Amino acid sequence: MPERPPYTGPDLCALTATEAVVLLHRGEVSPAELVEASLSRMAQVEPAVNAMVTPCPDRARAAAMRAESDSLLAGLPLGIKDLTPVAGVRTTWGTKALADHVPEASAPLVTRIEARGGIVMGKTNTPEQGAGGNTFNAVFGATRNPWDTSRNAGGSSGGAAVSLATGEVWLSHGSDHAGSLRTPANYCGVVGLRPSPGVAGGPAQVAFAPYSVQGPMARNVADCALFLDVMAGFDPVWPLSWPAPETPYAQACRQAPGPLRIGFSADLGGFAPVTSEIAQVLTTALGQVTDATTAVEAATPDLTGLDQTFRTLRGLLFTAEAQATPDEVRRHYKPAYQQNIREGQALTAEDIGAAMLAQSRLYAEMLRFFQKFDVLACAVNGLPPGPVEEEFPTEVAGQPMRDYIDWLRFAFLATTCGLPALSLPVGFTAEGLPVGLQLIGPPRGEARLLQIARHIEESLGLPSTPIDPVRR
């Protein structure tokens, strides 16, 4: 295994979120101390990575003074993606037309997070409108991968993933449609969970759409489960909202998973190309967790029609969002995003009907798959992160990519079928870049998915401490 980069930041920033919250509850550390440690770490690493693009130190310090020690997070600092409004904090969506926008009110999810003891340290970088697998925009520029600053951090929750990997914050909020939460977690060596629709809030503009979801990101599985508990719960403001479970996710994920059957296909039966190196890292990792109670079997569900179904449903959503956006904002969108909108506008009723039928068939196929297996394991992405200047790879394992979402095909299944999916660090490339394993679970199966992920995490024993950026 390649040598892990050093960490030279404040000791407090190296704590897990769970450890920090225990100390907060005991009164052995104060929210103000954690806020100052977070700001100190930002000062150390931001020039190299550009992840926390809009810090709000005064707001965070004021929140630390009000933090209640008996709340769920008890005053733990965290990051919010720059697609989600935070009252009084510049929120840009990565778009030039909104570069100076300061909302008066927070999004409902932010209100919930703060009510449960989270302290917002700032906004994390994202591509314009969250559209892209590489985090850059015309407002803030590019976010760099801390494992190699010449590489990209993935997108669209790239700033969130980097803020965790470098120890700027203990938890960070992300969102996911075409892997926007999973890809950065993979590329930055952290954990990212795309929950089932409604589990962790929902979209604002197209409230009934189940495709773009909010989710937790953290440095390990237990912390990710803790953050999901903070986000979870019914609220009628989100029409697809789902109640929190009786057993908290943080508690459930610590329970022994019992006998496991993992269906594994590195490339999803040829649906998405993957380099031999990535496939080997994943195969090796799963080989290390195979034992008397954990069986790993080669298996792939029938994914016929998935690519076109995902693209059609995505285009439909982009068209709806565009209708709700003023022309003076839309005209600034980057060419790739403008093209997505045009593709959505060109859809016919027959296209949409065919996608809805195929979506139902794919969902039924996944239900059959989960009758035999607890989880589907596959790649998160088919190749390591590319140069920070590259918007998207033009080929993967020798296969040309049609556009900027073609290389993100591993994300399509969970999004189309409304399934929870998690990116878990399981190894490294020969160059020392992190490699994540994607675990896809059954509908509303977050607790079981977290149990399985934690079991694999413990079996591999990989460290989850933050790192100093490796400047290249």
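Visitor: How far apart are the mean positions of the positive and negative charges of the protein chain?

Guide: They are 2 Å apart in this predicted model. The chain carries 35 positive and 47 negative charges.

Visitor: What makes the radius of gyration agree with a compact globule?

Guide: For 472 residues, the globule rule gives a value near 23 Å. The protein chain has 20 Å, which agrees. Its C-alpha atoms fill a box of roughly 60 × 55 × 45 Å along the principal axes.

Visitor: Why are Tyr-187 and Trp-407 called an aromatic pair?

Guide: Ring centres must lie within 6.5 Å. For Tyr-187 and Trp-407 the distance is 6.4 Å, so the two rings pair.

Visitor: And why is the pair called stacked?

Guide: Planes under 30 degrees apart count as stacked. Here the angle is 20°, so the term applies.

Visitor: Which parts of the chain does the pair link?

Guide: Distant ones, 220 residues apart. Tyr-187 sits in helix H6. Trp-407 sits in the loop between strand S13 and helix H14. Both residues are buried.

Visitor: How many aromatic pairs does the whole structure hold?

Guide: Eight. Ring pairs also link Phe-271, Phe-310 and Phe-412 into a cluster.

Visitor: What does "buried" mean for helix H12, and which residues qualify?

Guide: The cut-off is under 20% relative accessible area. In H12, Ala-336, Tyr-337, Gln-338, Asn-340, Ile-341 and Gly-344 count as buried. They pack against helices H10 and H11. Across the protein chain, 62% of the 472 residues are buried.

Methods
Residues numbered from 1 in each chain as written. Predicted model: local features only at pLDDT ≥ 70, side-chain atom pairs only at ≥ 80, totals over all residues. Heavy atoms only, no water. Rg over C-alpha atoms; globule rule 2.2 N^0.38 Å. Buried < 20%, exposed > 50% of the residue type's maximum accessible area, 1.4 Å probe, protein only. Lys, Arg positive; Asp, Glu negative; His and termini not counted. Charge placed at Lys NZ, Arg CZ, Asp CG, Glu CD. Helix = DSSP H or I, 4+ residues; strand = E, 2+ residues; numbered from the N terminus. Contact = heavy atoms within 4.5 Å. Phe/Tyr/Trp six-rings, centres within 6.5 Å; stacked < 30°, edge-to-face > 60°.
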